[in-house]
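Hi,

Here is the model we talked about, handed over for you to open at your end. Have a look first, then read on for what turned up.

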Number of protein chains: 2
Amino acid sequence: MTSTPDVGAWLDTRRREVDEALARCLPSPPACPDRVAEAMRYSLFAGGKRLRPILALAAAEAVAQHDRGSPDAARALALPAACAIELIHTYSLVHDDLPAMDDDTLRRGRPTNHVVFGEGLAILAGDALLTEAFALLAREPADDGRIADLAARKLRTIAVVADAAGACGMVGGQAIDLDAAGRGASFDADGLRAMHAKKTGALIRAAAATGAIMAGADAPALDAIAKYSAELGLAFQIVDDILDVEGASADLGKTAGKDAAAGKPTYPAVYGLDASRRLAAECVARALAALDAAAIAGQLPAIAGWVIERTS
Amino acid sequence: MTSTPDVGAWLDTRRREVDEALARCLPSPPACPDRVAEAMRYSLFAGGKRLRPILALAAAEAVAQHDRGSPDAARALALPAACAIELIHTYSLVHDDLPAMDDDTLRRGRPTNHVVFGEGLAILAGDALLTEAFALLAREPADDGRIADLAARKLRTIAVVADAAGACGMVGGQAIDLDAAGRGASFDADGLRAMHAKKTGALIRAAAATGAIMAGADAPALDAIAKYSAELGLAFQIVDDILDVEGASADLGKTAGKDAAAGKPTYPAVYGLDASRRLAAECVARALAALDAAAIAGQLPAIAGWVIERTS
């Protein structure tokens with residue numbers, strides 16, 4: 001964290017809000033069996049960065065500031081979508097870590113879900129996290145009649161989130177990655193970008209888009225935020241790959257160098273470390289330019305700085 | 001099929017409509033990677049009975065007949081929900097068949113998804129089927145302005161479906177079943193009923209409820225259909241257990257006697273075969289009484305007959 005103190009405080013407040021909202025939205029016993037609730041909670045509160053929900057809240061706030069609306073009200077409208085996307089992100093980690101997929105035993109410094117709860121329950125906990133995301137999106141925010149098109153915004157959000165998470169988005173990206181690993185195949189630069197655009201990019205873009213949609217963004221604002229988040233998602237992935245090469249396992253909370261050891265395609269492997277760093281910086285520059293052109297700001301530029309400067 | 005010729009024709013027509021709509025809603029290459037699309041299609045078009053979508057369409061039609069509306073229009077409103085629920089039912093079969101769960105290699109007479117595509121892709125295909133269900137529910141039917149509260153009906157449907165499929169519903173039921181199998185534990189009669197009410201009952205109830213909601217059912221009609229479908233779901237499960245004992249593998253398309261061999265709790269094991277048959281008939285009688293009391297009919301009574309008389 002080399003961001004300014006103000007951004008740091010803003011991020012901390014948002015993280016706290018997201019964590020509180022996530023705790024409220026999780027199903028609990030007796031309606032939900034104990035072990036499923038426990039397995040869901042285990043991975044959801046494992047110290048994630050909350051990048052995606054923060055992006056949703058920041059996009060909503062930036063739209064409100066641009067439209068001279070209330071940032072607080074805009075964030076409140078976007079909070080359920082922010083949480084839903086974190087539920088989906090968490091499910092994807094639980095399933096990706098399974099022995100039949102990436103076979104990871106360590107995540108965020110702790111044993112992965114299936115190591116603790118067993119494979120069957122880990123699959124079910126992932127399924128449940130994904131499903132609860134849509135229950136939350138359908139219910140919240142409740143319609144109190146103050147926003148005429150609230151139901152339409154919610155349906156649009158659900159469609160955007162489902163498309164990003166589904167077979168043409170995140171699940172598709174993981175399938176491409178799995179297939180390549182299974183065949184011992186590697187990607188060229190274009191293939192690598194296309195895979196990541198689905199696997200990690202789609203949900204990051206959806207986070208920013210749904211924040212903007214829930215805040216009532218017009219088409220130019222939505223377009224600027226879409227460009228920003230596409231560049232941000234790519235920068236995030238490049239930095240992830242760099243950290244996998246450079247970072248210590250203790251910082252990362254996962255096994256460093258694992259991707260390279262598994263022969264997985266990474267940006268440093270394709271471009272080298274220096275060029276990878278340059279590529280990430282160029283992505284952020286384009287992200288900021290897209291915001292500037294539409295006079296959208298808020299905390300979005302600072303979040304781009306946070307993504308590229310992070311060490312874990 | 002011992003139903004009357006008319007009901008048989010009605011069922012065939014509905015199945016064809018559902019199959020066509022399902023084929024249209026599946027993602028396809030190039031946006032969706034080939035193998036994921038193929039794995040989704042493999043299990044979705046494996047000759048399922050389409051009980052859940054048929055129930056959704058029958059509930060919508062019955063509501064329209066009760067309200068002197070158009071059965072065709074009501075079914076068209078309910079068709080996306082009918083398909084979404086079949087997508088979810090299919091995903092649940094793919095995941096339940098996995099080695100970490102029920103470890104089944106045969107389903108509907110064909111090798112299970114993970115046997116053909118591998119465990120990793122089977123997990124992803126299930127995830128994608130679940131996710132596409134919500135994309136479909138959010139988008140369709142498109143709002144042409146003719147039904148003032150269509151967006152509200154769709155959001156309510158999404159919430160009902162997500163609750164039925166999630167940790168307090170179907171996923172929770174599978175977790176209870178998995179936990180009992182893992183501990184070698186057996187259920188008493190109440191435990192068995194509670195487990196099935198979640199594992200298979202929740203989605204069957206949701207199918208009927210969403211059909212009714214999309215058709216604009218009032219509270220008394222919704223209530224009658226809820227009672228009907230709760231009884232029907234239980235009857236369906238009892239008959240399933242009876243068929244597992246009595247049926248030949250060829251008829252069932254899965255390994256007969258497998259539940260009993262695995263020490264899984266079944267109705268015949270707890271009550272015996274004769275009492276199980278009687279219990280199923282009593283469920284159907286209560287289902288029909290609930291419909292009668294609210295003057296709801298359409299094809300719903302005939303579907304109850306089909307469920308209890310089926311041989312596979």
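In which loop is Ala295(A) found? Ala295(A) sits in the loop of chain A between helix H14 (273–293) and helix H15 (300–309); helices here are DSSP runs of H or I with at least four residues, strands are E runs of at least two, and both are numbered from the N terminus.

Some housekeeping before the rest. This is a predicted model, where local features need pLDDT of at least 70, side-chain atom pairs count only at pLDDT 80 or more, and totals for chains, interfaces and linings use all residues. Residues are numbered from 1 along each chain as its sequence is written, while chains are lettered from A and ligands numbered from 1 in the order in which they are written.

Ala295(A) counts as exposed because it has 12 C-beta neighbours inside 10 Å. The scale is this: buried means 20 or more other C-beta atoms within 10 Å of the residue's own, exposed means 12 or fewer, and partly exposed is in between, with C-beta atoms placed from the backbone.

Asp103(A) also has a positive phi, about 50 degrees, without being a glycine. You'll find Asp103(A) in the loop between helix H4 (71–96) and strand E1 (106–107) of chain A, and with 13 C-beta neighbours inside 10 Å it counts as partly exposed.

There are cis peptide bonds to look at too. One joins Pro29(A) and Pro30(A), with omega about 5 degrees, and Pro30(A) lies in the loop between helix H1 (5–25) and H2 of chain A. Another joins Glu140(A) and Pro141(A), with omega about -5 degrees; Pro141(A) is in the loop between H6 and helix H7 (150–165) of chain A.

**Chain A as a whole**

Chain A has 15 helices and two strands. Its C-alpha trace spans about 55 × 50 × 35 Å along the principal axes. Buried residues account for 54% of the 312.

Inside chain A, the axes of helix H2 (residues 34–44) and H6(A) come within 9 Å and cross at roughly 75 degrees, so H2(A) is roughly perpendicular to H6(A). For reference, axes are lines fitted to C-alpha atoms, for helices over the stretch in contact, and angles run from 0 to 180 degrees between N-to-C directions. Under 35 degrees is roughly parallel, over 145 roughly antiparallel, 65 to 115 roughly perpendicular, and the rest oblique. Residues in this contact include Ala39(A) and Met40(A) of H2(A) and Leu124(A) and Ala128(A) of H6(A); contact means C-beta atoms, placed from the backbone, within 7 Å.

**How the two chains meet**

Chain B can be laid on chain A by a turn of 180 degrees and a shift of 0.0 Å along the axis, with an RMSD of 0.0 Å. That is the relation of a two-fold axis. The superposition is by least squares on the C-alpha atoms of residues with pLDDT of at least 70 in both copies. In chain B, Ala151(B) comes closest to the rotation axis, at 3.0 Å (C-alpha).

The contact takes 45 residues from each side, chain B and chain A. H6(B) gives the largest share of chain B's side, 14 residues. That side divides into 31 nonpolar, six polar and eight charged residues (nonpolar is Ala, Val, Leu, Ile, Met, Phe, Trp, Tyr, Cys and Pro; charged is Asp, Glu, Lys and Arg; the others, Gly among them, are polar).

Across the two chains, helix H6 (residues 119–139) of chain A packs with helix H8 (residues 170–183) of chain B at about 170 degrees, their axes 10 Å apart. H6(A) is therefore roughly antiparallel to H8(B). Among the residues making the contact are Leu121(A) and Thr131(A) of H6(A), and Val171(B) and Leu178(B) of H8(B).

Cheers

Methods:
Contact = placed C-beta atoms within 7 Å.
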